Amino acid sequence: MLIRVRSKDGNFRFDLAPTADISELVNKIIETTVDADASSITISNQPRGNEVKVSTLKRRTLTALGLKHGDLVFVGYQTKATPSEPSTSAGSQVPPATGVVSTTNIWDDVQEDAVDTTWRSQDGMIPRGRDSRFCKHGINGMCDYCMPLEPYDSAYHAEHSIKHLSYHAYLRKLTPKSSSAAAALPPLSPLSYKVKVPCPSGGHPSWPAGICTACQPSAITLQSQPFRMVDHLEIASMEVIERFLQAWRATGLQRFGWLIGRYEPYDKVPMGIKAVVEAIYEPPQEGELDGLTLGIPWEDEPRIRELCKSASSPLTIVGYIFTDLDPTPEDRTKNVYKRHPQSFFLSSLEAIFAATAQKANLTPSKSSSNGVFGSRLVTAILTATEDGQVDVSAYQVSEQACAMVDADMIEASVEPGIVRVKEEDRSHNAARYVPDVFFRYKNEYGLEVKKSAKPCFPVEYLLVNVTHGFPQNPSPLFRSSKFAIENRPGLEDQTVEKVLGSLSQLGAPDTHDSRHAVPGDAHKRLELAKWLSDWHLVAFLGTTQLFSQDDMKVLMRTITSPTLQDPSSLDALMNTEGWHTLMTFTRESAPIRPSSSALGQPSKMDEDIPQEVFDQIAAEEAQRAQSGGAVQTSGIRICPHCTFENEHGGSDCEVCGLPLG
């Protein structure tokens, strides 16, 4: 068959067999070039974009690549920097070409998320029932009015008010259905607005010394992203948000936390994906009334990520959440309504932070030329609604936003709803090339107008909306949230003493595995299992050095088990060395209960207490009994309700107003 090739050296035609190896085509291409670097040769089905190195096409035949008679292949390559010995014949070029195609594709070795594997195994078609008005065929027949729809059908999305395509529906839309050269190539290519260094043409010094159309990025037109990586944010239970809000309610300072959860299929959107949040981890931070200070990257991130992987259903960081709440001066029970269409939804500073975080948490993808594409990190905000209540808002930023932040092209402005485009900088140490940036909008006459985004543009052009909600029948992975939350100094302190005290109250040292359980021990085991099933408790135990890494994996896997109520669910944990060490500390630190002191006989604990302490306690109890609950000391009356010391002679407390006696 005839294959046409177009490169910077001209147009060429080659006669090849359909079963010929790709290396034969590479050899033909090298014959038409001058000092071409064989390892840099790329082929594509279009003039610009979708370039794939031939080094990733291992022993592929032309038919397997989808090439047919008369197809046009666009070829690109780089010239060798230091010319090697001149080749005397075409045969001398066969060995390097054969060695070039010996590697595998980058995207073939990518390990995708479980939710991606699930959707790739399904066709994603939207089923439709028989239309009683238009369907004239039999029960087993099918026509245009009842045949399944593609997952990217625009009419279906408009009817169900779905603004964005899901990630896999977008892939189905891009992937050709027929056998062609593009079908064997990944349909996605990550955006990049950086200058290519070195220049592919090799005709001038690298940026910032020189620039040309081959290495400079094209002009940017900001537009709404047609797809989103995550379609829905689901909070496993209301208790997760309530515990996070307790710090703000107690101090009035804003808080930040990383969302711990997993990704699952979402049936409300064709081929949709939802992020299920099971817990919130709060890193070290300094909260303020109108913001907070955060350290990125945070020190415990590797440990937390490794701990998440050990869960029965592997967890990961699916996003982050922060508060933006300001009580109204008139009614402190309500909050100021800040984020609305007339102001902003996500400030420019928050959008740039979201782009930075998403760029650091890329999603592995077999459909991308470099093995990763986009990010599923969700930005959640606890802010006020129109009626002053607290609600969650969820967003992502577009791939254009991530590419612009990566190229250092934009910065935050004083106005929260406006993004500023930086000036071009050609200095050697901080070179920055900023291409032309445009955005479209409808003017007062309803006409679409294209306008330059320099020096600034609205932040809404960078946002992608994500729906959110709570399950109707909550079934959280962690059954408890009573343990103190990390990094809340002065408000909630995590100590080993509190852990040992709680274990002692639950009778953990006397609880054995199911093989040695005593009758009536099932309830105690269940209460212990529920108390242990606390994310903050497990994260804290990982810092105490009581559990080894293997024991921490067993602990995490045990407390997140869906069969936690099974009597044998704690057996694996109770047989670990870490658990035995913890029980030893619990027994040694448990207080001795005085059983005989009530009969007037001294106990072992009483022997360590001086007699003066007992005399003082007895005197205070006698004085309290005489005053009816309000202790009188030199005219001071202590309120039995709020413990305030009242110096006046009235009958009511100055603070709470309740009677003193």
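**Exercise 1. Which residues do ring pairs link into a cluster with Trp258?**

Solution. Ring pairs link Phe256, Trp258, Tyr281, Trp298, Tyr320, Phe322 and Phe353 into a cluster. Rings of Phe, Tyr and Trp (its six-membered ring) pair if their centres lie within 6.5 Å; planes under 30 degrees apart count as stacked, over 60 as edge-to-face and the rest as tilted. By this rule the count comes to 18 aromatic pairs.

Before going on, note that this is a predicted model: local features need pLDDT of at least 70, side-chain atom pairs count only at pLDDT 80 or more, and totals for chains, interfaces and linings use all residues. Residues are numbered from 1 along each chain as its sequence is written, and side-chain values use heavy atoms, with hydrogens and water left out.

**Exercise 2. Work out why the pair of phenylalanine 12 and phenylalanine 14 is stacked.**

Solution. Start with what you need: a pair of aromatic rings is described by the distance of the centres and the angle of the planes. Here the centres are 6.5 Å apart and the planes sit at 10°, so the pair is stacked. Next, check the cover (buried means under 20% relative accessible area, exposed over 50%, partly exposed in between, with a 1.4 Å probe and protein chains only). Phenylalanine 12 has 23% relative accessibility, so it's partly exposed. Phenylalanine 14 has 10%, so it's buried.

Now try another stacked pair: tryptophan 258 and tryptophan 298, at 5.7 Å centre to centre and 20° between the planes. Tryptophan 258 lies in strand β10 (residues 256-266) and tryptophan 298 in the loop between β13 and α7 (301-309), so the pair ties together parts that are 40 residues apart in sequence. For the names, helices (H or I, at least four residues) and strands (E, at least two) are DSSP runs, numbered from the N terminus. Tryptophan 258 is buried because its relative accessible area is 6%, and tryptophan 298 is buried too, at 7%.

**Exercise 3. Is methionine 574 buried or exposed?**

Solution. First find methionine 574: look in helix α14 (residues 571-574). Its relative accessible area is 6%, so methionine 574 is buried.

**Exercise 4. How many residues of helix α9 are buried?**

Solution. Helix α9 spans residues 399-406, and six of its eight residues are buried, which leaves the helix mostly covered. After α9 comes aspartate 408, with a positive phi near 60°.
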